[in-house]
Amino acid sequence: MLFQETADYYNRLEGISSRLEMIDVLTELFKKTKKNEIRNTIYMTTGLLAPPFAGVDIGIAEKLAEEAIATATGSEKQKVEESFKKTGDLGKTAEQFIANTKLRRMSKEKFEINEVFETLHKIATTSGEGSKDAKIKMLANLLAASSPLEARYIVRFALGQLRLGAGDATILEALSKAETGERTFKARLEEAYNICSDLGLVGETLMKEGTKGVEDFRVTLFNPIRPALAERLPTAEEILERMHGKAAVESKYDGLRAQVHVDKKNKKVEIFSRRLERLTEMFPEIVNAALKEINAQSAIIEGEAIAYDEATKQFHPFQETIQRKRKHGVEEKSQELPLHLFAFDILYLNGESYLKKRYEERRKTLERIVKGDGTIRFSDMIIATKPKEMERYFEEMVEDGLEGIVAKDLDAPYIAGARKFSWIKMKRSYKGELSDTVDLVIVGYYVGKGIRAEFGFGGLLAAVYNEKTDMYETITRIGTGFSEENMKMFKKTLEKIKSGKKPARVSSIVEPDYWVEPKYVVTVRADEITKSPMHTAGRHAEGEEEVGYALRFPRIVSNGIREDKSADEATTTKEIIEMFKQQRKTKVGEEA
Ligand code: AMP
């Protein structure tokens, strides 16, 4: 397929205001795409050059793109800069400059999508001395041979600002429709996606091997499995009831989730975060331990990496563990404040997937293949059959400075990529507050009044994620709790992703000063969940209710943006409705 055609589809996607329309356009695009192009088309449409865990980041700087536009069109760099100041979008600037250039196009030939993709890939992976000039040259050559519309998308893509707004679930639904004519095959595609985390690979398997290929999809070492997530319930009774009277109860460590893949024969280890970023280089002590302390040819184990003081048996706070998430000084940090991995699951062993096996069997296997007294420990665990036992354990954990507990259904398989009641968390709570924080997606922001006008930032419009509809529904406006530094940071970050109109996957009645692409997550504490006609969270969810849910006295608790969570990992509408019900129950209990 010619890239010009892809660009035409992108142009259509930009003008769309509903998710259903978006699926129709994507379905059409995927139907037209050839088998050997589908993988790259999916990556490109989601703004990527490879699955996210591969860490191929194009991230061209604005200055560099300006130079490429100037070179490609024989214009002065200053003119390009001036235009960019006006348009605020280098993609638009590139489009205008290409349309107006007097230079003859370098080639009359048109690009195929794969050619554009490969060139962009090459730009991203060129490194070392002289690479800056080489990148400018490659981008300039590509632009010089592009049409104005192609140039718009090439530049936005190169800057990491493509922003077509198509989430994973939307892509999967469109793939299902394109290949089978129905949306129902999406569930199977999702299963395959949950065990390989690679949308491009899933799309390619479907197009090349048909539905059978997707049904036969297998876990592969070094392709991260999308993590299982925990539901929440406020009392031990409710947890035990859900788990048929017997549950494994583990400590909940407040560290970084780590999925460790190890291949002993080739001495290869990779570590992935909850968001499936490759974090291998940041945990040298865990890489070493994986090779020494795991007794297997190959395995995938999961645990929480946390700074832990062996001598005092004390856990360090999250802020200290997270210091590891940086590129420099890791080796020194690993000496000064070594991390331990508190392993809680095994997902794969010696070529065999363990996902379908019961928790109890997985845990036994984990304890069999890991010694458990070195850098890799096991999460602390008891089996509880009475609420009292679970409560006592919970109190002990909280006293030890841990976050709470995660109860696990002994009979359940590992449910990749989903929040299910086979894992249930119970966390510390404080009087007069919601028992748990919520993670919200920023969908818009306000410019400040009075003293805040100075910062150009007056608060956020935040949303929860509705898994059923793949939409972001607003739940609150957050106007307090920001430090000056935070306000500056939000302004700077959000300005880059603001948009003139409401994004297609946002459902909202209120109108912020600026909409932003749903991308960033913040952790928020509130006093209460209330019903409100102002917000769309949970509207129509139960019966024909015209009101949604809102937060009372929301305030930011995360120190800025949660780097470890993506928009689709935010608190869901379903969870908010559950929390609302539980809050009522607790209140009734208190009054009694
Ligand atoms: P939350 O982030 O509050 O939804 O809680 C779920 C997270 O708790 C997981 O993603 C893990 O990173 C973390 N966690 C800590 N201890 C455990 C444990 N024993 N089992 C499972 N998850 C745990």
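1. Contact of α6 with α9. In this predicted model, helix α6 contributes Leu-90, Gly-91, Lys-92, Ala-94, Glu-95, Ile-98 and Ala-99 to a contact with helix α9, where the partners are Pro-148, Leu-149, Ala-151, Arg-152, Val-155 and Arg-156. Sorted by class, the residues of this contact are 8 nonpolar, 1 polar and 4 charged.

2. Geometry of α6 and α9. Helix α6 covers residues 90–100 and helix α9 covers residues 148–158. Their axes come within 7 Å and cross at roughly 150°. Angles over 145 degrees count as roughly antiparallel, and α6 is therefore roughly antiparallel to α9. The crossing of these two helices is right-handed.

3. Geometry of α7 and α8. The axes of helix α7 (residues 113–125) and helix α8 (residues 131–144) come within 9 Å, with a crossing angle of roughly 165°. The angle makes α7 roughly antiparallel to α8. The crossing of α7 with α8 is left-handed.

4. Contact of α7 with α8. From α7, the residues Val-116, Thr-119, Leu-120, Lys-122, Ile-123 and Ala-124 meet Lys-135, Met-138, Leu-139 and Leu-142 of α8. This contact comprises 7 nonpolar, 1 polar and 2 charged residues.

5. Geometry of α11 and α12. Helix α11 spans residues 186–196, and helix α12 spans residues 199–215. Their axes come within 10 Å and cross at roughly 130°. How are α11 and α12 oriented to each other? The two helices are oblique, and their crossing is right-handed.

6. Contact of α11 with α12. On the side of α11, the contact is made by Arg-188, Leu-189, Ala-192, Tyr-193 and Cys-196. On the side of α12, the contact is made by Leu-199, Leu-201, Val-202, Leu-206, Val-214 and Glu-215. The class count for α11 with α12 is 9 nonpolar, no polar and 2 charged residues.

7. Domains. The domain assignment of the protein lists domain 1 (3–159), domain 2 (229–427) and domain 3 (438–591). The C-alpha centres of domain 2 and domain 3 are 30 Å apart. Their contact takes 9 residues from domain 2 and 12 residues from domain 3.

8. Area buried between domain 2 and domain 3. The size of an interface is often given as the accessible area lost when the parts come together. Domain 2 and domain 3 bury about 1,200 Å² between them, and 42% of this area is on carbon and sulfur atoms. Which three residues supply more than any other three of the area that domain 2 buries against domain 3? They are Arg-232, Arg-274 and Arg-275, which supply 48% of that area.

Terms used: Residues numbered from 1 in each chain as written. Predicted model: local features only at pLDDT ≥ 70, side-chain atom pairs only at ≥ 80, totals over all residues. Heavy atoms only, no water. Axes fitted to C-alpha atoms, helices over the stretch in contact; angles between N-to-C directions. Helix = DSSP H or I, 4+ residues; strand = E, 2+ residues; numbered from the N terminus. Parallel < 35°, antiparallel > 145°, perpendicular 65-115°, else oblique. Left-handed = near helix turned anticlockwise from the far one by under 90°. Contact = heavy atoms within 4.5 Å. Nonpolar A, V, L, I, M, F, W, Y, C, P; charged D, E, K, R; others polar. Domains from an automatic or database assignment. Buried area = accessible area lost by both parts, 1.4 Å probe.
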